[in-house]
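Work through the exercises below with the structure open beside you. Try each task before reading its solution.

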Amino acid sequence: MKIKEKSDRIPIEKKAHLLTSSSVTKTKDFDEVFVGNIRMSYAQSGHSHMKDYLLFDESVKEVLYPCANAMGCSFNTSLIREVAKAVGEDLRAEDINSAVISGANIKRDPSLNRNAYSYSEDPYHAMKMCEGYAQGIKLRGVEVILDGYGADNSADNRYKNNIIDDRALSELYESGFVSIIRRIKPIGLMAPYAKINGKNFSEDEAMVEDFRKKSGFAGVVFAPYRGGNDVVKNINAGVLPEMGIDDSEVAKKIISSVNSGEIPEEKLSSLFNRTGTVLRKLHANEKIKYMHDSQVNSVLSKVAARECFVLLKNEGNILPLAKNEKIYVIGKNAVSPFMQIKGKYWVNPVNAASFMEVSPKYCVSEYLGDHSSAVLSEEALSDKDIFVVFIGADDTSDQFGKYFRISDEQKKTINTLNSMGKKVIAVITGANCPPIDFADMADAIIYDPLCGEGAYEALCDIIFGVVSPCGKLNQAVAVNYEDYPCAKYTGDDKVSRYMESVLSGYRYFTLGAKKAAFPFGHGLSYSSFEYSSERCSYLKPDGNIDLAFDITNTGDITAKEVVQIYVSDSDKRVFRPGRELKYFEKVSLGPGESTRINVRLNIKDFSYFDTDRGEWYFCSSKYKIEIGSSSEDIRITIPISILSDEIYDEKFSVKEMPSYYPEEGRRLTVANNEYLRICPHGNIPQSTEKSKINEDTPVADLMMLDKQAEKILSVLFEGSIPSDGKKNSEFIPPSDGFASIRKKLTENTSLGDVRKYYRDKLQRPKKPTEISEIILGDK
């Protein structure tokens, strides 16, 4: 029987009930109507056993694979498919039929920990890696739900209103999702928390339908969990109501709204039928069964980690070290490994060995302690030569906000060792590679982008030459944070204006005004590679350009190189980035071995999104096709002219937008009138006053403030928090955190009411103090 015929026989009350959820990861069981339900896992780096939002079943161990940020640094689409297939096996063994994955969204602000969920600051690179992961998951009978849509680039408040010009939205923040949806056909899309140009996607039918039209998306859109959603608006927009909330209350609201006419019955039926179509697709995969082997997949995690570490510097070829070398180790991460950020993708790893646990297999190592003056005394260091120093983020870092700059204490360690003439190998850990203004103090610098449970064995393999490093930076690394094009425009806690537009990340640095400390695509090897050009055919009648060139391993060891192809506009008549990545490929070559690379570019690779026309467009210009080892290490340059009958719009010319092209040495400072030329709706004053939480604050305003949960609960139970923001020593939270609170609240319930409820329930004595104001974004 067809879905619509079945659906027509189902009463409104039944449809309303079935469109609610059983938990934060499960829909209702549709067996009476269709078959089964949606059983999902937030599975970006392994199977996350989530019981409620940010509450996990910690009794279950799963393989922790490199996070999205780390896999992005591998630039290996074949490898990521293999990792995803292993994750798919882990999920199928637990009877999970769908995986929530992020990564299609790019990094914008490189200081945010949520970049652990992003593959790259480049949309093409992010799309190819995310597509590879989605393909691998689907090959094991697990369907895909895309997360991170709508420029998910905030940490202080994900409710922000993101003001983005149509060109940046189309070229950078939406193109990856559109491409993946067309190729992969995911069953679901998680709606964004933040507003897009003042509109809430999950409550705006026009936005949802526009996205479906441009991408061909036919699956289910899920309202964001703890997103303060309006159920009526969700249903009318064709969006499945928020999961994990009181299902009976939601069902009652849906039924009464249908009866009153607020929700047309056809809207409810349309969403019900769409969900039914998804369920049939999931049921078709149920016969696919896989057993997983945690030990085998743990080895795969280590193999993947080898390709994710990035060797940024290797002065005097200090690396690789000889096996059985005596080394001295400093830094907490050497003994207490930091492998992932806390959040909805958290995984309890099977094997979480530290550097000091695995290093004895390779060398003689001695741990001196964390960064401190005692460790750095000249007397203690006088007879020691080679140091491996762990710096960057650790498990005490702000897990829901920003942890970015290398601390002064860590820099002091490196500087002291350097001044004493010691050999220093710095290992930087984090969801982002922080600004590096100390590069000259270290002999070697290795970036660990959170490489999973096999990280430290893989790191030893690299340091001691078992394999050659082959990771590449998925972001440009600045000398100072203020050098990043977005630095001035991340906004307050309410509004963020994307004033850098399409000049995000390396696309700005390749203009040449500011130099990156280490460019996008950079990563050293223990070998060397030579590029040679043979052929470039000009634009064919079908709109394609064919390239062919050779790459040769000129070193004496087997190694891998990432070939990168960029396109740039030589005439610069139109507002364009310095370079844009259009192709990459990772190749493995033995000593003296060569391979031919054949690439086909098409006319869209030279196009930009014209906001007046509302479509992709290219104008007559002289272009350059640039082939190299990074965005700044260009080995082959091929000039090419492309003619068009169309005329470019003068208002978007470089001449009319000089502030986007600052003089050498100057940071990006965008003139407001130029920004409004490309973003007419962008003239929204940014608030300088932080939002405050007090007795009258509705609970709905709190539901996305993950990093504030501890402070908020402290207020609820104890009445105040100290002005220094430290946790109240008397605070004892409920065992299930926000979960029990959620069951007792409506979106208009005030904090004062919540506190009173819990004091009465737990018979806590009242305190005379008032709820202190909490400034959102404070750490």
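Lys185 is partly exposed, with a relative accessible area of 47%; partly exposed lies between buried (under 20% relative accessible area) and exposed (over 50%), using a 1.4 Å probe and protein chains only. This is a predicted model: local features need pLDDT of at least 70, side-chain atom pairs count only at pLDDT 80 or more, and totals for chains, interfaces and linings use all residues. Residues are numbered from 1 along each chain as its sequence is written, and side-chain values use heavy atoms, with hydrogens and water left out.

**Exercise 1.** Find the loop that holds Lys185, and state its phi.

Solution. Go to the loop between α6 (166-184) and β9 (188-190). Helices (H or I, at least four residues) and strands (E, at least two) are DSSP runs, numbered from the N terminus. Phi of Lys185 is near 55 degrees, a positive value in a residue other than glycine. Most residues other than glycine have a negative phi.

**Exercise 2.** Decide: is Ala151 buried or exposed?

Solution. Start in the loop between β7 (143-146) and β8 (161-163), where Ala151 lies. Its phi is positive too, near 60 degrees. Now take the relative accessible area of Ala151: 1%. Ala151 is therefore buried.

**Exercise 3.** Describe how α11 and α15 pack.

Solution. Locate α11 at residues 294-306 and α15 at residues 455-463. Their axes are 8 Å apart, at an angle of about 45 degrees. Axes are lines fitted to C-alpha atoms, for helices over the stretch in contact; angles run from 0 to 180 degrees between N-to-C directions. So α11 is oblique to α15: angles under 35 degrees count as roughly parallel, over 145 as roughly antiparallel, 65 to 115 as roughly perpendicular, and the rest as oblique. Next, list the contact residues (heavy atoms within 4.5 Å). α11 gives Lys302, Ala305 and Arg306; α15 gives Ala455, Glu457, Ala458, Asp461 and Ile462.

**Exercise 4.** In what order do the 6 strands of the open sheet run?

Solution. Read across: β13-β18-β17-β16-β14-β15, with mixed pairing. Two strands pair if DSSP finds at least two bridges between them. The edges are β13 (310-314) and β15 (364-369), each pairing on one side only. Inside the sheet, 5 bridges join β17 (residues 423-429) to β18 (residues 444-448), and these two run parallel.
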